[in-house]
Amino acid sequence: MRVVNAEQMRQIEEKAIHHYGIPSLLLMENAAWAVVEEIRRCLPKIGKEGLSGRKAVVLVGKGNNGGDGLAVARHLVLQGMDVTVLVFAPLEELKGDAALNLRLFHGTIGKLFVIEGEKQRRLTRLALAQADIVVDALFGIGMRGALPSLVEDYVDEVNRTPGWVISIDIPSGVEANTGKVYRTAVCAQTTVTFGLPKWGLFLGEGPEYCGRVVVDPISIPESYLMEEGISTFVLMDDDIRGLIPIRQLKGHKGTHGKGILVAGSKGMSGATVLAGRGALRSGIGLLQIVTPQGIANEVDSSVTEATVWSAPGEDWLNEEAWPVILKQSEKAQAIAIGPGLSQNSQFIQVLEEILRNLSCPVVLDADALNLIGLKPGVLSLRNGRGPLILTPHPGEMARLCQCSIEDIEGNRLDIAVAKAVEWEAVIVLKGSVTIIASPDGRAFFNPTGNPGLGTGGTGDVLTGSILAWLAQGVPPLEAACLGVYLHGKAADELAVEFGWSGFTASEVADHLPKVRRFLEVKGLEGKRG
């Protein structure tokens, strides 16, 4: 699914209105109906009486977002709800479609109050305390910076309400392009966004505030959206299902791909084991592990399905590892380097040889990235020689870019895309919403995963999984998307049973076949339906 910034969405809406002749009032009415339908889904045990007798509070600003809120309020009144509208602007400042929806609401039995200062605080607090539903229609995608101080105080009241909070298009206080929250924002359980989802729902603090995201096209046809030059996307089940390679009846370990994993050091054999487990659970045919001779037996006994090759170095790999890697990489479809590697500066020479001489896809993770951070120019050796995937977390990305972690976190999308283009590499910038950026300028937001992945070893599992998909012939960008999505989905499956803590990296690896199979079966059921 395409994802847009505020400017792109405004252009799409303007084109729909002026070029294709879709009335703006119709778009607003469709938006309102989408919110009402979501309210019906959110309220439990509606029964025969529907929404009748339930209480709703709608917070309205002066722009089109406020107009959407007024239309929602009118429909809720007509559904029998007890509706209170709180307008955070002088009524004469509402213009166009928003002003029309204000007049239409005045024709209902709903209640409306203009919030001018502290004197309405008690009224608002009482209304919010009794509300089953609170609709946030204060500010839309055009808002920049912090909320006005008056609104901030009331937003804090909204965030304490026991009712279900639904934001229209994007939670008020969250910037649509960056997901930045300056001081506070509405913390919604559900966000109903229109046309296409916005960047801010996936960037910055946005994911913490938006809750469940529902996308409604509001009658803008898909064909219109496809005409736009959109280069950012959010991954979906259907996208990923099409990337999973189909195994042939006569397939065997040789046809299912050979991959090389270069990993491990004294005290860090576990990272090697977990990466190997991620590769094996993702279906690799042959896994060859190159690791220091001092831990080779330990790794061999822990990953019995792999072939383990020891390289010179008791505690960590050094420059003498290159001949071993070169020999084992013959006929390999991919190589991954980094999990538990240690930061022995002698290994930089090996990285240079790998980048310069191996034509198969190369995945760099963990300490391989930290070593390159000491000599970033090394990445240029890869240009034009073969596919490259980097899988940094924000700290590793900061070292690669020679900037602060705050710089990375504040500009995740821009930096990921810029560096993917500059380094001619696929960048997997890990985070609460991982971004996969392509050398052609495209970027993909991954919606799967949860805080339970914030435990040691999960990144190693991801590296092994990406290696496996590459070895099975999946192109680099698609292999990165496939690995990241299934990795997060495995964690989501575990979270159903354990919540957001307590499951391990090994369990994430072991759930990879299950979630892959779920997508395959779901696709078959869709075809039958």
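Me: What makes the span of helix α17 close to the expected one?
Reply: This is a predicted model. In it, α17 covers residues 412-423, which is 12 residues. The expected span is 1.5 Å times one less than the number of residues, and for α17 that rule gives 16 Å.

Me: Why are some residues of α17 called buried, and which are they?
Reply: The word buried applies to a residue with under 20% relative accessible area. In α17, Arg 412, Leu 413, Ile 415, Ala 416, Val 417, Lys 419, Ala 420 and Trp 423 are buried, so each of them falls under that cut-off.

Me: What comes just after α17?
Reply: Glu 424 follows, with a positive phi of about 55°.

Me: How do you know that the chain agrees with a compact globule?
Reply: For 529 residues, a compact globule would have a radius of gyration near 24 Å. The chain has 26 Å, and therefore it agrees with the rule. Along its principal axes, the C-alpha trace spans about 80 × 50 × 45 Å.

Me: How much of the chain is buried?
Reply: Buried residues are 57% of the 529.

Me: What share of the contacts joins residues 24 or more positions apart?
Reply: Among contacts with a separation of 6 or more, such pairs account for 72%. A contact here needs heavy atoms within 4.5 Å.

How values were computed
Residues are numbered from 1 along each chain as its sequence is written. This is a predicted model: local features need pLDDT of at least 70, side-chain atom pairs count only at pLDDT 80 or more; totals for chains, interfaces and linings use all residues. Side-chain values use heavy atoms; hydrogens and water are left out. The radius of gyration is taken over C-alpha atoms; the globule rule is 2.2 Å times the number of residues to the power 0.38. Buried means under 20% relative accessible area, exposed over 50%, partly exposed in between (1.4 Å probe, protein chains only). Helices (H or I, at least four residues) and strands (E, at least two) are DSSP runs, numbered from the N terminus.
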